[in-house]
Structures are given as C-alpha cells and as structure tokens.
Amino acid sequence: MSSLSVSTSPLPDEPFAADGVRVSRSAALQRYSLRARDPAKLAAVVGRELPGRIGGVTDGIAQLGPDEFLALLPVGTQLPSGEEEPVSVVDISSRAVGITVEGEGAAALIMSGCPLDLDRMAPGQATRTIYETVEMVLVRESETRFHIEVWRSFAPWLWQSLRLSAE
Amino acid sequence: MSGYRVTGAGRVDRARTVAFTFDGQTYQGYEGDTLASALLASGVTLFGRSFKYHRPRGVMAAGVEDANALVSVTRGPGRFTPNLRATAVEIYEGLEASSQNRWPSLKTDMLAVNDRLGMFFPAGFYNKTFMWPRSFWEKLYEPTIRKMAGLGNSPTEIDPDHYTAAYVHCDLLVVGAGRAGLEAALAEAGSDKRVILIDEQNELGGWALSDPDQAQWLAQSVATLTAAANVRILTRCTAFGFYHDNFVGAVERLTDHLAQPGSGAREKLWRIRAGEVVLAQGAIERPLVFEGNDTPGVMLASAARTWLYRYGVAIGRRPALMASHDSGWQDAFAMAAGGVTISAIVDVRDTVDDALLRQAADLGIAVHLGSSVIGVSGRHKVTGVEIAANSGTGRKRIACDALMMAGGWTPTLHLWSHSKGTIAWDESLGAYVPDKANENVRCAGACSGQMDLGTGVVVPALPTPKDASRIKAFVDFQNDVTAKDIGLAVREGFKSIEHVKRYTTNGMATDQGKTSNINGLQLAATALGRPVVDVGLTTFRPPYTPQTFGALAGHAKDALFQATRKTGIDGWAQDNGAVFEPVSQWRRAWYFPQDGEDMHAAVNRECRAVRESVGIFDASTLGKIEVVGPDAAEFLNRMYTNPWKMLEPGRCRYGLLLREDGFITDDGVAGRISPNRFHVTTTTGGAARVLAMMEDYLQTEWPDLDVWLTSTTEQWSVIALQGPRARDVLSALDTDIDLSPEAFPHMSVRLGQICGVPVRLFRVSFTGELGFEINVPAEYGPAVWKQIVAAGQPYGITPYGTETMHVLRAEKGYIIVGQDTDGTVTPMDAGLNWAIGKKKKDFVGKRSLARPDIVAPGRKHLVGLLTEDPSLVLEEGAQIVADPAQPVPMTMLGHVTSSYWSEALGRSIAFALVAGGQERMDETLHIPMPGAVHKAQVSGMVFFDPEGARINV
C-alpha cells in the first residue's frame, strides 16, 4: 500500500486578528526534550551550543531548568540519541503545537491568562508557564512577537481562550 | 429647592436628565447620580425591607458600606442582579431597579408581622427551635425560613454576559483614590515605577468629592495622574481581596453604568501583583445604637453631607443631629452653610469644644448636651425624635424630618486584615488601627488612623430610660442584629467575639461588618465586663464587597470550563457515530452504535468482532513516559514491583506500581527500546500523577541516578489492533517490520516505519487476543488509523470503544486500577503476587507489604463472581453478604467492582472485592439489590481462554 500519511493539526488553518494582535498556527518544528546533569556532555552529544542560563535561547535551544532544554529546530533536523551517555534526548516533535502571537497587543493578550510579568521578559527569553490552567512554554521572539508551545490536546482550548480574550 | 434637590450644589450634570424606574414607578435624576441620590432627591425614603424582621429601611450611608438599601437591577433575560447597594448603582437612561424582600409591595409588606413577633425570634432562634423532628428541616423549616428571611432572589436564568480577566504587575498599587491615595500616587507620577491606582467609585476623589474646598486640588491632581504615562487608573474597580505576596484581586465594572452596554465584557477581573501596596481605603462613620436608629431617614452625618455636596440633595428640610463625635457637628454646620436648616444638635457628651458651641449659636441651632435620642417617630420616614437627658429625665420631642448620626470613625482595615497585618486598639479613636505589616504594604490616610475630625466618645449604646429588653436598637442593620441580641449571646455563654458573631450573625456575610463590627464589639465587651482588646475582633474575609460569580469564573464556562482533551482520532470517531464518555480530562469513544443499536447491542457486536476477526481501538490517551539514561533500568527496578534489569531490548513487561504504603496505585506495560531507554505506559487517568510521583522519588530520594523522565503521552497516537486477524490487517500495510510470530512474539516491541511514518510497534494485548499497539507520532495518527481501517475492510474491521475494551479485559481477568482497586488493595489482595520480583531487595512499597495488617488473614481479595442466574448482570458497587437473612445492619463482605454481560461466554461475569475471597472459592454469596437478593458463586477471575492460547499465535 502506498504511503499517504499526512500530518494533521488540532488548530485551525485560519489565523484570527483583533485590536493590535494576530494569532496564528506556527509552522511545523522538530522538537526535542534534552536533559543532562552536565550541560557540557549534552552539548557534546548534540553537537550544538547550549544557552548558559535558565531562560536563555541559543540557536533554537531554550533552557527551561537547571538540567532541562527544549530544542525547537527546523523540520527534519535529527539529533543523536546519546545512547550510553548520561543524557536524555527524546523526540517530542508531535507532542506540542506552536501558536504565534504578534502585534502591539501581543503581551497584553498573553497576560490575560498568564501570570508572568512580561515587562520583565526580554526578547530572546523562554520559560515554561501557564495560561489559566493550561501549561505552555513561552518564547519571546521580539518585543511584539511570541511563540507558544502547548501540548496537542490542550491547544484547541488555549486557541479559543485567546480568541475570546482578544475580543 | 426643587423636591430635595438643592440648586448650585453637587457634581451631577444638571444638563443631562436621566429617567429610570424603581418598583415600576418612573423617576428622573441627573447624570452622575446614584440610584440612592436620585431617589432621595425625589423624596423617596423607603428603599427596602430588612433581612429578618422586614422592617422598613432607607439609606444609612452614601457608599458601599450602606447596609440597608439593597435593590435588584434587571436588564433583560438572564441579566438580573440582586443585592446591589442603591448607593453604588449609577443611574442610566432606562435603568429598571426594584426593592427586595417584601410581599406584596414595599409599602405594604405582609411579612412585617415578623417585626411584631420579634420577641419570639431572638438570636439563635432558628438553631434552637427548628431542630426536631430532624426530617422537617429540608422539606418544611428551611424553605419556609428562606422565604420569610433573606435578601434578593437568586437569578434563575443563565447569564448571557461574558467576563474577561488579566494579570497585571506594578511596582506600586494604590487602593483607594481619596486624598491619601491620590497623594501616594502623585508622589510617583512621572517616575520610572509602574503605578496602578484603583477606586471603586466612578470618579477619583473619595471624600474630596464631597468637599467643594478640595475641588480645585482634586481636579489638578486627577489631571496630573491622567497625564502620567506610568500611572494606570482604574475606576469602578473594587479591590476585593488581598492574598499572599502582594497579590490583589480587583473587579472592574465595565458596562453596568451604561445605558447601551454593547457586546463587550461586562466586568474584568484584574489579578494584580504589586511590589508595594498602599492601602488608602479610608474610614467609615459609625452609626449610633438607639431605638429607632433604622427608621428611614436616619443616616450617617457624613452621608448627609455627601448627598448635599456631591449630589446636590438635601436629606430633609429640617434634619437633626445625634452625635458622640465632633465630626457630626462639622457636617451639620456644612449642611447649614449649604442652606439646610438644622433643627437641633443632640450630643451624648456633657461638654464639647466651645468653638463648636459658638458656631452652633451663630447659626441659631438648638443644642442639647448630655442627651440622647431615645426614640424615632415615623415608620417610612422620620417625623420627629424623642430625646432625654442621659439621666433619663427631661424627655421631650423634637420635630425633624431626618436624623443624622455621628458615632465616630472606624478605619477600614479589610484588605489590611486579608494581608494578615496585625492591628492595635486606639483608645482615642475607639477603633482598631493597623499595626505591623505582614507584606510590603502600608496604610495611608484615614485607614491608618490618621484623621483630623475632632474628638468623640465611644458609647456602645446610647443611654435610654426605656426597658432595654423591649426595644430594638440595631447594631448590624443588614443582618438585623440588635443590641439585646448581643447581650443575649453573652448571657448564653458566648465569650469570644468570633462565637458571638456566629451566634448572632453580627458582621457576617456580604456586609462583613463595615458599620457594625466596632459597635458589636463594644457591646460584647461591656456585657462581658472586659476590655475590648481582650474580646478581640472578628476576621475580615474577602470579598470586601460582593462580587459576581461571572467575574470570578471569567471564560471558564461552557466549552472552556475546562480543557476537554481529544485525541487526533476523536474526529474520525465523531464522524463515525461514536458515543463518548469522559475519562479524566479526556473524552473517549465509548461505543460505536450502528443502525439504532443500544449500548448493549453495540458492545456485544464489537466484542464478537474482536474475538472472531479484528477490532480497532484508539488507545492514545494511555499515559506514556520515556525513561532514558544509564540508570533507566535501575530506576524502574526501584519504582515498580517487577524486575527490569534483565529485560532485553525489544521486549515488554507488565509493571505494577505501589505507593509507599504498599497499595496499588497504577499499572501498565513498558517496553525496553534500547539498553538505556524505556517506553513506559500508565493508565489514562494516572499519567500526570505517576510522572509526578516518579519525579518526586528521583529528585528527593535518588538524585544520584542518571535518568530522566519525559512525558510522551501526547507524542504518540496509539492504535490498538486486536483480534485473530490483526496480523493479516497489519501485513497489508506498508511496513518494514517482520510481523511473523517467530520474529515478533507476544510482549515485544519493534521500531520501524509504517505507512511512511516512524512507528513503535508493540505486540501486546488487553483483550486476550492476538494484538498490536501501533504508536505513531500524534500528527500522523488520523492518517494511519484511516489506512488501517481501509486495510481491515476484508476482515470486517470494527472500531470499538472503552466499554468493549472493559468487557474484553474482564473476560481475561485483567484489572483496571481505580475501578477494581480503591487505594486499599495490595498486589496479594488483587492476586498479582506473580508481578512481584521476589529476589528484589527493594521497591517502592515493599516494606509495607510485610506490615502485620497487610499479611493478616481476612483481607478483602479480588475474586470473580458468577451469578446463579447467568442472564443477571450485577450492579457495580452492590454490597455482598454471606447470609441475606441476618438482621440489618448486615455484615458486608465487600462489593462488586466490575460487572458485564460477556458475549463470548453467553453469561454475566463480575469481579468483586470480598473479605477472605481467595479462601471462599466456589462458595455461594448473596448480593442484595433493589427488588431482589441475588446469588453468585465465587470464582477465579480468568473467565475466557485461561490457557492464553489465543494470544500466542
């Protein structure tokens, strides 16, 4: 039988826009959860530089905790699994979907349900946080552009909540 | 003067008249009026009926502290709001307001008979009287009492409005925009601090709005703050609660004041995190306690001044003043300056400052020192007062049409108290003031006790020659608590103010004692003969004023009440007629009825398909955890009861997880993907809990282990393909995995590709049939599912839901943790001894399995039950007894945990937890159910294919 497996998203194709803010589904990404007690060993395994501090992002890899990194890379990027090494490399490309929130009102829209002080989050920062009851990873790409990573089954709820809050 | 409107005074906009109705009658006010000021201007004095006695009530205060004038406002279907304070309702064109707690009308309220019978309704009356018979409470007493006593009616329709919310952060939050609050904000206007200034009223200014002398300063201050880019001003916004770490909740009313509310949100919940909080909540004037103090037209002196100077409304043509504090005199003088004739000033003090006396003389106001009001005439409106010297002599009447009362000032400590700041008694104020802060918060202005309002004396109740047991002198107007109720509570032995509060209801509920707390406290302290500080103060609780449920719920209603998690395949299931059931946060396909089948017919058909050919099931909700690292096997060995270290890559094992106490908490199958990588599955409902439990052990008990946990529940779509033709269907698909039984035995896992996407293919079975679980990246789940369904058509592939899954697993004796276990079941109780690694030195829960109670005989065991009548399906949860003839209450041996009709066996089957069940094999037990007692025989739990021949093919 021929291979016809196409990717599906839980989010609508159509973006929505409201006063000073536009919300859209992000393009597909290759995602990895990267863990290690010693970041140097992890950097050696994946052959990439890692951010030096929690909240930093370097070449698509965000540091979420002392031993936790999230890689958001172009589709098709393969990282070595680091078998035998004291690291964990897990492909989670399909676990989450991305939502892009951009515009002058982007921060205000996210703060409708996110308790973080986004005035204190500089562009280039990333963190795990929540929107009301739903967990997400928030990446500030610029002053007016954010990328949200949310687990697949929670994505429709988050999309609809953002939509209502934007009204 | 037109009506009671005073020309030239007030901030209302005379150019803009506003028509509204109250109890169906049309009135006119001006823009800027509240419902209370507009009605007072029209000569209305009667606003409502009291909570318990149905006494006529007017407005007592001009702000949210008013405890009397509660009204309902309706704005069309579903938009009905009860218990609003008339003093806080802004009028708009077409406003429809009505009074509450009266029948048939406000003026003629039949339930006012309660007032005459008042001596039969003392504090605690309900608790004492309506205790017996117990069964009468729900059906008779409570409904009747609720009808007779109470506030407005609850809304009966769904609220069509929507409510929004936001978090906001600031360096300085100022609560209250009176003079002190404005000054605190002004000090930072233009600085680099982020400042938020909130006030519950429609305009900034607080008391300054009632004082024309401050008007110019106020206008300048507001202009400065409005122009300051670093200051966010929120009016019509109530800070209702102060929580940990300077977190303040506030609700902004966006549309309630608008004639055309539009389609925007009605209210906005602000969740404010502040570096520093300045509380400038002000102070509230205290009523005085005397007979008739609740008559319509008796009100706080400061309120009368506010009506005049903020709203241009005179409370009467000849009001009198009853004071125990200088501030009332100043209010009376200000009223006189505004053209209102003051008929008399009565002061309980024998002497007051000469300057006050001189000013009263200059204004020609009669003064009665050392005297008190002892009665008020008029039922719906004051027509006069009776006064007497404090000695009880010299009783005389004074003609007046309103009475102002000035009992001194109580700093508003509500939010300070929420923040757990301590308080100290200030003897000169006769009130508590803020003491030590518990957060980065300070009080400014009147709420800190800094007031320049003169002096006064504190009197719990005004002296009266009347029999104190025969009069009603109100302390808590909203809850209808009188001075004698507090005396009664003390006589009945309540010594703590917290107990007095609960017994009398003083200071409870929506009002939170704004005007009553200190008077109640003084009365209790006097009755107890103890200093006030020894009696304490009741705790203020959020919300400061009542807030709507809508504002607190926000978008969390209807479809957004909680995230309903759906798998990628959910859409296919919906298109194919699935009936769904919720399983934790997920919605799962329950069964797939065809052509009008009921659930049993559908499930029987689905079961037959799996046993005879092949079925397909969406198992994507199974919890999945990727356990990776050099110590992965060691970690699983410590967590689960089973041994893991010798499991070869490519093989799977059933894992049983216990809590520290030895009871089963979860189970699942794990596959060893590579030496240092496991794909662990958990129950659907246990996914988050198990991951948290594992992280807890890893971080606190074994931080030395090099192993990491990653939730992969949502990474994989899991398609279970089960039945004797499962391999045939899979073989028809494009895959590079050798599916032959020799190359791919039961309980193994292979990595490869299927339909062009990566797959982790498990050969596992929760049905007792040849089975596969196809794990593909979630985004490809729907596409792969459809291809399998297409490939399965020659075999009549049948989608099945959770109900069929439950039946099939029960036929095989497989338990479901959480259904067949309840947190008190050990592996031995569940017949799962085989899953315990006997040679293992330790695992979570191992030591508990040797506890005396766990090894004692007679524990409840999980066993099978076969009913004598094979067609009878027992009720899950039904109790089990040995002898149905024994007297009630019977000794219950246990209960039915799972029960189904088995299509494969042509009879019913059940599991049950039964005391000593493993020693009762073949014994007949009895299950009383509605209508009949049923017999069933204890059996093993594997009802179908006990040799397992069907799996290993």
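Mentor: A word on the annotations first: UniProt positions are given in the numbering used here, feature names are shortened, and annotations may be inferred rather than shown by experiment. The model is predicted, so local features need pLDDT of at least 70 and side-chain atom pairs count only at pLDDT 80 or more, while totals for chains, interfaces and linings use all residues. Residues are numbered from 1 along each chain as its sequence is written, and chains are lettered from A and ligands numbered from 1 in the order in which they are written.

Trainee: Where does UniProt place "domain: GCVT N-terminal"?
Mentor: The unreviewed entry puts that feature at residues 572–840 of chain B. That stretch is 25% helix and 29% strand, where helices (H or I, at least four residues) and strands (E, at least two) are DSSP runs, numbered from the N terminus.

Trainee: And which residues of α17(B) are buried?
Mentor: They are A602(B), V603(B), E606(B), C607(B), A609(B), V610(B) and R611(B). Buried means that 20 or more other C-beta atoms, placed from the backbone, lie within 10 Å of the residue's own.

Trainee: What covers them?
Mentor: The cover includes β30 (586–591), β37 (716–722) and α22 (802–811) of chain B, among others.

Trainee: Changing topic, how many residues of chain A are in contact with chain B?
Mentor: In chain A, 36 residues are in contact with 42 residues of chain B, contact being C-beta atoms, placed from the backbone, within 7 Å.

Trainee: Which element of chain A gives the most?
Mentor: On the side touching chain B, α3(A) gives the most, with five residues.

Notes
Contact = placed C-beta atoms within 7 Å. Buried ≥ 20, exposed ≤ 12 C-beta atoms within 10 Å, placed from the backbone.
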